[in-house]
Amino acid sequence: MNDELCERLLPLPSQYETEGTEYFVLKAQQPVVFSPGCESEARQLADYLQTGLGISAQLESHVPGTNLPRGAMCLEIEQDRVPGAEGYTLTVSAEAVRLCGQSATGVFRGIQTLLQLFPSQIHAPKGATWNSPRHPADFPQLPACKIVDVPRFAHRGLMLDVARSFLSVAEVCAIVEHASRYKLNVLHLHLVDDQGWRLEITNEGRAAQDTIDYTQLTQVSGQTAVAEGGYGYEPGRTGFYTQQEYREILEFCRARHIEVIPEIDVPGHTGAALAAIPQLCTPGSSHTATPQQPTAPIDYSTAVGRSYLDPHSEQTLVFLRHVLRQVVQLDARGSKIHLGGDEPHAMIARYGRRSDGPYAQLVQQAKEIVRSLGRQPVGWNEYLNAGSQDGDVVQYWYADDVGQQAVTQAARAGAQVILSPGNTTYLDQKYDSSSPIGLTWAGAFDVPAARDWDPEAVIAGLPADSILGVEAPLWSETVRGQQQAEWLIFPRLLATAEVGWSVCPQAAESFLHRCALQGPRLAAGGVNFFPTPAVPWN
Ligand code: TNX
């Protein structure tokens with residue numbers, strides 16, 4: 001019985017136990033009771049019940065200290081009795097379902113577990129409301145059980161590269177919705193690169209001497225995208241988010257307790273900025289303005305490392321201050337800004353790699369700006385060339401031994417580490433040589449490899465308590481639109497989600513089987529997942 005319970009759950013909870021052979025049986029008019037602070041989570045649960053199962057939830061707020069109605073599903077926040085941030089306990093008996101979160105976030109995570117106890121069609125986005133149960137035997141039953149759960153890591157992320165090829169707000173939200181089922185809590189948006197700039201920046205609040213027209217970023221570089229690498233030669237998709245649309249993404253993520261980390265990649269990967277803003281095209285940058293070419297020609301290729309900002313120009317800092325301040329202002333509750341810092345190849349070739357050289361100084365200045373705006377800077381591991389200080393975050397993706405040592409050193413000095421090793425988390429890599437899209441530089445890998453790694457064993461000597469978590473990036477040189485993105489993301493993201501969440505020792509051995517049982521759920525949710533032969537789908 002325990003096995004039957006466990007096989008439905010992914011990520012596997014810290015503790016779970018079936019309690020006898022009883023069931024909680026839902027009713028046509030199902031009371032859902034919520035305590036202060038989790039009303040919106042209760043509404044979301046009610047929506048799933050209605051849309052997927054045709055069951056109407058009767059929402060009632062619960063006055064603390066009073067008795068809970070029999071036969072209710074109860075959502076509560078009990079800070080003191082539930083362990084750990086995002087933690088929850090879920091108790092199902094014949095009389096009631098009780099979900100207690102440490103916070104509303106814990107309640108939301110617990111609801112994802114609860115949903116996995118229901119039939120697959122609960123995930124149907126358009127639902128089967130016409131198909132409400134009529135006969136007592138048709139009402140969904142939940143097995144009596146007790147689950148206590150808390151995540152292993154605080155950061156469990158998905159990165160979408162909307163710069164090389166754009167994804168609309170609706171596409172991003174659909175992907176986030178599916179990811180939230182598996183308790184991911186970070187959406188890292190790679191918003192700018194050589195091939196496109198995807199976030200509207202206005203001229204509002206420009207500094208006194210600033211003459212830059214920031215609207216050009218999206219007017220010019222919102223209309224461009226990568227031109228190579230697509231399936232059937234399809235070019236990358238163009239577009240950008242207005243600030244209002246970007247807020248819609250934030251709002252959608254907030255409702256799912258997912259933090260958005262925007263990435264403004266500097267000083268390399270800046271071709272789209274140099275193509276739009278003549279003031280940046282000073283002689284120390286990768287493009288010197290001429291009367292014929294006041295801005296850089298767009299680099300539509302899949303090449304990396306050719307563009308860079310001028311480390312000696314005041315205009316570079318004027319630009320960064322304005323852009324970063326607006327990005328911060330868009331999300332009052334954000335905690336981090338990603339500054340990229342990766343692959344500054346041409347810049348290093350020109351200026352050298354010294355830790356007090358131009359690359360390091362510019363990264364240092366960008367980090368100062370981010371800190372002065374009250375945010376933690378994040379960067380890919382190359383940005384450690386600029387040193388690090390307590391509270392900085394470094395995202396490890398690929399490094400030789402020297403790079404690994406730098407990460408360990410930074411961690412010992414108080415930096416936090418997000419692990420995104422290319423050969424187990426890079427969702428833009430092929431599953432195997434037969435994948436029609438995807439890259440192979442980190443090595444093709446399938447679901448077993450995505451699950452079979454330990455964040456604490458990636459970098460020798462890395463202090464375990466410096467590991468903030470794990471993140472799976474989807475770069476989009478070869479990816480066009482939601483369907484293709486989902487095909488590369490799912491089901492591998494389920495593996496990353498479990499690596500990031502689960503501390504349960506049995507988790508690894510049962511994973512493939514549990515992953516297989518998610519197939520009908522992904523299908524019910526309309527996810528275009530790859531039915532890889534590595535998973536024993538039934
Ligand atoms: C490396 S990972 C990059 C990206 C590419 C990716 C392709 C990282 C920090 N930089 O610019 O899109 O490889 O896999």
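# Reading a ligand site and its surroundings

Guide: In this predicted model, 14 residues surround the ligand, the closest being Arg-164, Tyr-426, Asp-428, Trp-441 and Glu-477.

Visitor: What should I know about the numbering and the model before I start?

Guide: Residues are numbered from 1 along each chain as its sequence is written, and side-chain values use heavy atoms, with hydrogens and water left out. In this predicted model, local features need pLDDT of at least 70 and side-chain atom pairs count only at pLDDT 80 or more, while totals for chains, interfaces and linings use all residues.

Visitor: How far does a polar side-chain atom of Arg-164 lie from an oxygen atom of the ligand?

Guide: Start with the term. A polar contact is a pair of N or O atoms within 3.5 Å; within protein, one must be able to donate a hydrogen and the other to accept it, and residues adjacent in sequence count only if both atoms are side-chain atoms. For Arg-164 the distance to a ligand oxygen is 2.8 Å. A polar side-chain atom of Asp-428 sits 2.6 Å from a ligand oxygen. For Glu-343 the figure is 3.0 Å. The protein buries 97% of the 360 Å² that the ligand exposes when taken alone. Such areas come from the Shrake-Rupley method with a 1.4 Å probe; for residues, only the protein chains shown count as cover.

Visitor: Which kinds of residue make up the shell around the ligand?

Guide: Seven are nonpolar, two polar and five charged. Here Ala, Val, Leu, Ile, Met, Phe, Trp, Tyr, Cys and Pro count as nonpolar, Asp, Glu, Lys and Arg as charged, and the others, Gly among them, as polar.

Visitor: How many aromatic pairs does a search of the whole structure find?

Guide: Rings of Phe, Tyr and Trp (its six-membered ring) pair if their centres lie within 6.5 Å; planes under 30 degrees apart count as stacked, over 60 as edge-to-face and the rest as tilted. The search finds 15 pairs. Take Tyr-426 and Trp-441: their ring centres are 5.6 Å apart and their planes are at 80°, so this pair is edge-to-face. Both residues lie in the loop between helix H12 (422-425) and helix H13 (447-451), so the pair ties together parts that are 15 residues apart in sequence. Helices (H or I, at least four residues) and strands (E, at least two) are DSSP runs, numbered from the N terminus. Tyr-426 and Trp-441 also belong to one aromatic cluster with Trp-380, Trp-397, Tyr-398 and Trp-475.

Visitor: Is Tyr-426 buried or exposed?

Guide: Buried means under 20% relative accessible area, exposed over 50%, partly exposed in between (1.4 Å probe, protein chains only). Tyr-426 has 2% relative accessibility, so it counts as buried. Trp-441, at 44%, counts as partly exposed.

Visitor: Which residues does a cis peptide bond join?

Guide: One joins Leu-10 and Pro-11, with omega about -5°. Another joins Val-266 and Pro-267, with omega about -10°.

Conventions. A residue is near a molecule or strand if one of its heavy atoms lies within 4 Å of it.
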